[in-house]
Amino acid sequence: MAKPKFYMTTAIAYASGKPHIGNTYEAVLADAIARYKRQQGYDVFFQTGTDEHGQKIEIKAQEAGITPKEYVDNAAAQIKHIWDLMNTSYDKFIRTTDADHEAQVQKIFKKMYAKGDIYKGHYEGMYCTPCESFFTESQLVDGKCPDCGRPCVPAKEEAYFFKMSKYADRLIEHINTHPEFIQPESRKNEMMNNFLLPGLQDLCVSRTSFKWGIPVDFDPKHVVYVWLDALTNYITGIGYDCDGESTEMFKKNWPAELHLIGKDIIRFHTIYWPIFLMSLDLPLPKQVFGHPWLLQGDGKMSKSKGNVLYADELVDFFGVDAVRYFVLHEMPFENDGVITWELMVERLNSELANTLGNLVNRTISMSNKYFGGIVSNPGVCESVDKELEEFALAAAGKVAAKMDKLRVADAMTEVFSLFKRCNKYIDETMPWALAKDEAKRDRLATVLYNLVEGICMGATLLESFMPDTTKRILDQLHAPARTLDDLSFFGLYPSGNKVTDKPEILFARLDIKEIMAKVEALHPPVQEEAPVKEENVVDLEPKPEITFDDFEKLQFQVGEIIACEPVKKSRKLLCSQVKIGSQVRQIVSGIKAHYSPEEMVGKKVMVLVNLKPAKLAGVMSEGMLLCAEDADGNLALLTPEKDMPAGAEIC
């Protein structure tokens, strides 16, 4: 019987430089899902790769004194090296400079043009080269790019456009009738309310101001613009042919079961990409999952902020599987996760070295000490054994339920819950006490057998997330690999088997002071100049006095900004996700001219919590961030003088 197929992709990484750990997280997340699906018996095809065209790359290549192709060859090799270092089991690594991809993109563009979905027009406005975007004068902030704050220059450019509105109603209907299509649910609401329902603008799909791209073959001064080029990799990589000669691989695998992408590019994958597919008369992917970001402790990773962490550097400190564990376990389903050196050391010591490593080491050591490494099952059982057995047998179902919803962090928690239950079983049965009584020797053997069996079952479930660690555990136990179906049975470990007589340390405990000293040696702290003190004051026209009862009606609390992004079509507004206690509120603020989204993330701020919700530029706002304003109109967020927890009352 043929296996059910499962085609999944990551977003292709932009080949502009070395990927940081936040970029790498996506590849590791996809790998964990792909490995688990293979364990479940699916015929998985997992594709990843690099996006290699565009003006930014053309400029970077010029600055480096090499050709764009030489530049992207180096960048793609570096990205592929990181993906391989992290033990990602992709089946294909596609590059958008691959000849077969470029040929198909030209055919696709021509077919859409012949169909009337693409037409020629022109762009006119202020152009930001780093962002590769046009803006109207009214969209600029202080005459600069509203996205990156850099200068813009006047430009007019002939371009081809795609008629997005032609397919908008059909896409809206598809989203409404396929609730699983966009996940998590919050991403779907954002796409519908902010983009689709207000009406789609036609999309620029060609450029003439640079040459590093795929030429439009019937109008060679144009190159195909980024999204039509990049998004189509999901079909060209598996053999799509625009002339109707697609490969058997394409016929077998399309539509994709899953596109795994970052939340910042959800619009392109849930609006532009489905519409392109409709134009090509192809079915839509089953699901697009927009995962959250992995943030440094002081906000979103940015080379300009100097807070970038790289996978290879982390691996040097902690090892591959420890880094895999951390990025998978610390990322919530919808909200952004946080990575710090201190937190990684704490997790390694508590979960990996203690909960898992110590469990395996103790079990093997006791088996060697009391039975010469022979693990047998005399079957001298007590009620506590049944409790362990039932817990172990339930674990696979719990993990499956979480993985089916792509709640990978929660699935890992279920695996480690089994290891914690095994540790509790040691405390309950006290093998060292049983060893003192020869009459209880068979009972001791049963206890150690149950421990080995529980560890084998947990290791099998761990394989998708930490494959090398699973192999190391099973090798030390001299245990054969198991399938997920095997986890329906407790007691498959061969009675009479012998474990290794030289147990290895899976994860050695680390000293936080030593680690931080090494980190500081690698990344010396940047010395900031002390601000110049200026004597200035602001006098305001007094407002009418209020009573204490009036003040009592206002609820002020400390909030922590965990995510922030610009409000589309607004020159002034930023939309922040603010953690207040156990809740997260969305707050829109007119501070775009004073703070970038990256600067906002991680800040502790003062929030007026009980302000009536209102829509600003079509986006719901559920509170107000408090700011100070000087006589020149400069704004500064009000922040607590000391570090206070999110939710603390301001009184």
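Helices are DSSP runs of H or I spanning at least four residues, numbered from the N terminus. In the predicted model described here, helix α15 covers residues 408-429, and arginine 421 lies within this helix. Arginine 421 has a relative accessibility of 9%, and because buried means under 20%, this residue counts as buried. Apart from residues up to four places away in sequence, arginine 421 touches Val384, Glu387, Leu388, Phe391 and Glu428.

Confidence in the prediction was considered next. The chain has a mean pLDDT of 91, and 93% of its residues reach 70 or more. Over residues 529-534, by contrast, the pLDDT is below 50, and this stretch has zero contacts in the model beyond near neighbours in sequence.

Helix α1 comprises residues 21-39, 19 residues in total. From its first C-alpha to its last, α1 reaches 26 Å, which is close to the 27 Å expected at 1.5 Å a residue. The helix is mostly covered, with 17 of its 19 residues buried. Just after α1, a positive phi of about 100° is found at glycine 41. The charged end of lysine 37 sits over the ring of tyrosine 42, at 4.7 Å from the ring centre. A further arrangement of this kind involves arginine 207, whose charged end sits over the ring of tyrosine 225, 5.2 Å from its centre.

Alanine 32 is 435 residues from proline 467 in sequence, yet the C-alpha atoms of the two are 9.2 Å apart in space. Proline 467 has its place in helix α18, which spans residues 467-477. Its relative accessible area is 10%, and proline 467 is therefore buried. When residues up to four places away in sequence are set aside, proline 467 touches Arg35, Asn87, Asp321 and Arg324.

Charged pairs were then examined. Side chains of opposite charge can pair when their charged atoms come close. The count of salt bridges comes to 34. One of them joins glutamate 52 and arginine 95, with the closest N and O atoms 2.6 Å apart. Glutamate 52 lies in the loop between β3 (43-51) and α2 (55-64), whereas arginine 95 belongs to strand β4 (residues 92-95), so the pair ties together parts that are 43 residues apart in sequence. Both glutamate 52 and arginine 95 are buried.

A salt bridge also connects the side chains of lysine 263 and aspartate 336, at 3.0 Å from N to O. Here both partners lie in loops: lysine 263 between β12 (258-262) and α10 (266-279), and aspartate 336 between α12 (320-329) and β15 (337-339), so that parts 73 residues apart in sequence are tied together. Lysine 263 counts as buried at 14% relative accessibility, and aspartate 336 is buried with a relative accessible area of 10%.

In a further salt bridge, arginine 443 is paired with aspartate 385, and the closest N and O atoms are 2.5 Å apart. This pair links distant parts of the chain, with arginine 443 in helix α17 (residues 441-462) and aspartate 385 in helix α14 (residues 383-404), 58 residues apart. The relative accessible area of arginine 443 is 6%, so this residue is buried; aspartate 385 counts as buried at 3% relative accessibility. Salt bridges that share partners join Glu52, Lys69, Asp73 and Arg95 into one network.

Aromatic contacts form the final group. A pair of aromatic rings is described by the distance of the centres and the angle of the planes. The count of aromatic pairs comes to 24. In the pair formed by tyrosine 113 and tyrosine 160, the ring centres are 5.8 Å apart and the planes stand at 85°, so the arrangement is edge-to-face. Tyrosine 113 lies in helix α4 (residues 99-114) and tyrosine 160 in strand β7 (residues 153-162); the pair therefore ties together parts that are 47 residues apart in sequence. Tyrosine 113 is partly exposed, with a relative accessible area of 37%, whereas tyrosine 160 counts as buried at 3% relative accessibility. Ring pairs also link Tyr7, Phe45, Tyr234, Tyr240, Phe250, Trp254 and Trp273 into a cluster.

Technical notes. Residues are numbered from 1 along each chain as its sequence is written. This is a predicted model: local features need pLDDT of at least 70, side-chain atom pairs count only at pLDDT 80 or more; totals for chains, interfaces and linings use all residues. Side-chain values use heavy atoms; hydrogens and water are left out. Helices (H or I, at least four residues) and strands (E, at least two) are DSSP runs, numbered from the N terminus. Buried means under 20% relative accessible area, exposed over 50%, partly exposed in between (1.4 Å probe, protein chains only). Contact means heavy atoms within 4.5 Å. Rings of Phe, Tyr and Trp (its six-membered ring) pair if their centres lie within 6.5 Å; planes under 30 degrees apart count as stacked, over 60 as edge-to-face and the rest as tilted. A charge sits over a ring if NZ of Lys or CZ of Arg is within 6 Å of the ring centre and within 35 degrees of the ring normal. The expected span of a helix is 1.5 Å times one less than its number of residues. pLDDT is the predictor's confidence in each residue, from 0 to 100. A salt bridge is a side-chain nitrogen of Lys or Arg within 4 Å of a carboxyl oxygen of Asp or Glu.
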